[in-house]
Amino acid sequence: MGYSLERMARPDMGATLGAPGVYAQYLAGMRIELRAPLQLRVRLAEPLADFFDILAYGHIVSPRAIEEAGEDLARRAVGTGPYRLETCNADEEILMRAVSGHFDGPPRHAAIRWLRIATSRARLAALAEGRAQVATKLDPREAAEQSGSGDMRIVDYLDPTALIFMFNASGGPCADPRLRRALNLAVDRERLVADVLYGAGEPLNGFVSPLHDGYDPGAPAFAHDLAEARRLLAEAGHGEGLTLTVYCPTRLPDEAEALVAAVAGQLAPLGVRFAIEREPDRTLYANQVRLKRIHDLCVFDSSPMSAFRVLHEKIDSRVAGAWWQGYRNPAVEALVDRARLTIDDGTRSGLYRSCYRLLQQDPPWLYLYNHCGALAHTAASGPCRVRRDGVLDLRHHVPS
């Protein structure tokens, strides 16, 4: 564990689409003390009450595997937990077998075989034909078509990743909070979900999803209020409309271009027009966003399950993190400082809920939606559970 923490703390680790040092910003300067064979003491450079939430998404790796394969772990995959890898061809199939005598009790399945099947419809077919007992990452519409057929059962869930347009708040029109709020009031999120996702989504009304700690269920949803949006635009000096340049990837999210077109259509009655700069290279796109080269706004998502991470990496101007785009809100930053020091989970959640309301009043992003997902399983395989982060939890996949 100590080896893995020290590896996570390296500034070159944790790179995802152009953002290195994801964990270094939290672990740099830590001191690790081995107190017993299975006990560590970690002293951080500064207080971080959300330490365990952040650590939960780090990776525990085998020093021997790193020594033999370097950082290309795909060359030497290693299993942990109640299952061990027997064979691994990530492009086709992974076979895992249960570990006898595991400390958390015997695994529920003697073996698990993961098959890579390219499309949602083909995964459903594998289930129907008996070649699989569980099918994941399904198109909800295709899954609904099969609902009730044979012994197939459908599980619908909300993906916590927030789909947003990030505003360039460092300069230009989107530096004006009146414009940012006007655009949030002008967008009809229900219609976006219907038109872009064919209903397979839920409107997003704040900086985190309803699945996050920090979501405020009592906060009002954004009203679709064109009159107030028009008033705010005029107050900001754009009563005759304006043109905004949007930076748009062609994938991840795969509906990005359709989403930009749909939002543009909704803003057209206000005289707001989009000039679109498309980028087919997704890694280059992420790097340009990290370098704050997003024009006036850009299509993006926010995926961390930790509310603190979202605030620290994307909102806090003092950090100016990889995905921060010039936004400043001293009241939110004061709450983040208090949350760092607040051990009690309930009190800390309340601080993040206060951030949620402040970030509705002065939004750093154009909030859009969360995707809905689906998985299917056979009745004989027993119930399936999807965790809050959208991952299938096989500990709760209990055979009947």
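Student: Where is Pro253 placed?
Tutor: Pro253 sits in the loop between β9 and α10, where helices (H or I, at least four residues) and strands (E, at least two) are DSSP runs, numbered from the N terminus. This is a predicted model, in which local features need pLDDT of at least 70 and side-chain atom pairs count only at pLDDT 80 or more, while totals for chains, interfaces and linings use all residues. Residues are numbered from 1 along each chain as its sequence is written, and side-chain values use heavy atoms, with hydrogens and water left out.

Student: Is the peptide bond from Leu252 to Pro253 cis or trans?
Tutor: The peptide bond from Leu252 to Pro253 is cis, with omega near 5°. Leu252, also found in the loop between β9 and α10, has a phi near 55°, which is a positive value in a residue other than glycine.

Student: What about Lys292, what is its phi?
Tutor: Lys292 has a positive phi of about 70° although it is not a glycine. Lys292 lies in the loop between α11 and β11 and is partly exposed, with a relative accessible area of 30%.

Student: Switching to α11, which of its residues are buried?
Tutor: In helix α11 (residues 282-290) the buried residues are Arg282, Tyr285, Ala286, Gln288 and Val289. Viewed down the axis of α11, these buried residues fall within an arc of 160°, so they line one face of the helix; the arc is that of the directions from the helix axis to the C-beta atoms.

Student: What covers the buried residues of α11?
Tutor: The cover includes β7 (152-167), β9 (242-249), β10 (272-279) and β11 (297-302).

Student: Now helix packing: how do α7 and α9 pack?
Tutor: Helix α7 (residues 177-186) and helix α9 (residues 226-235) pack at an angle of about 160°, with their axes 8 Å apart. Axes here are lines fitted to C-alpha atoms, for helices over the stretch in contact, and angles run from 0 to 180 degrees between N-to-C directions. The pair α7 and α9 is therefore roughly antiparallel, given that angles under 35 degrees count as roughly parallel, over 145 as roughly antiparallel, 65 to 115 as roughly perpendicular and the rest as oblique.

Student: What handedness does the crossing of α7 and α9 have?
Tutor: The crossing of α7 and α9 is left-handed; a crossing is left-handed if the near helix is turned anticlockwise from the far one by less than a right angle, and right-handed if clockwise. The contact is made by Arg178, Leu179, Arg181, Ala182, Leu185 and Ala186 of α7 and by Leu226, Glu228, Ala229, Leu232, Leu233 and Glu235 of α9. By class, the contact of α7 with α9 has eight nonpolar, no polar and four charged residues, with Ala, Val, Leu, Ile, Met, Phe, Trp, Tyr, Cys and Pro counted as nonpolar, Asp, Glu, Lys and Arg as charged, and the others, Gly among them, as polar.

Student: At what angle do α8 and α10 cross?
Tutor: The axes of helix α8 (residues 189-197) and helix α10 (residues 256-267) come within 10 Å and cross at roughly 140°. That makes α8 oblique to α10, and α8 passes α10 in a right-handed crossing.

Student: Which residues make that contact between α8 and α10?
Tutor: Arg191, Leu192 and Val196 of α8 meet Ala258, Leu259, Ala262, Val263 and Gln266 of α10.

Methods: Contact = heavy atoms within 4.5 Å. Buried < 20%, exposed > 50% of the residue type's maximum accessible area, 1.4 Å probe, protein only.
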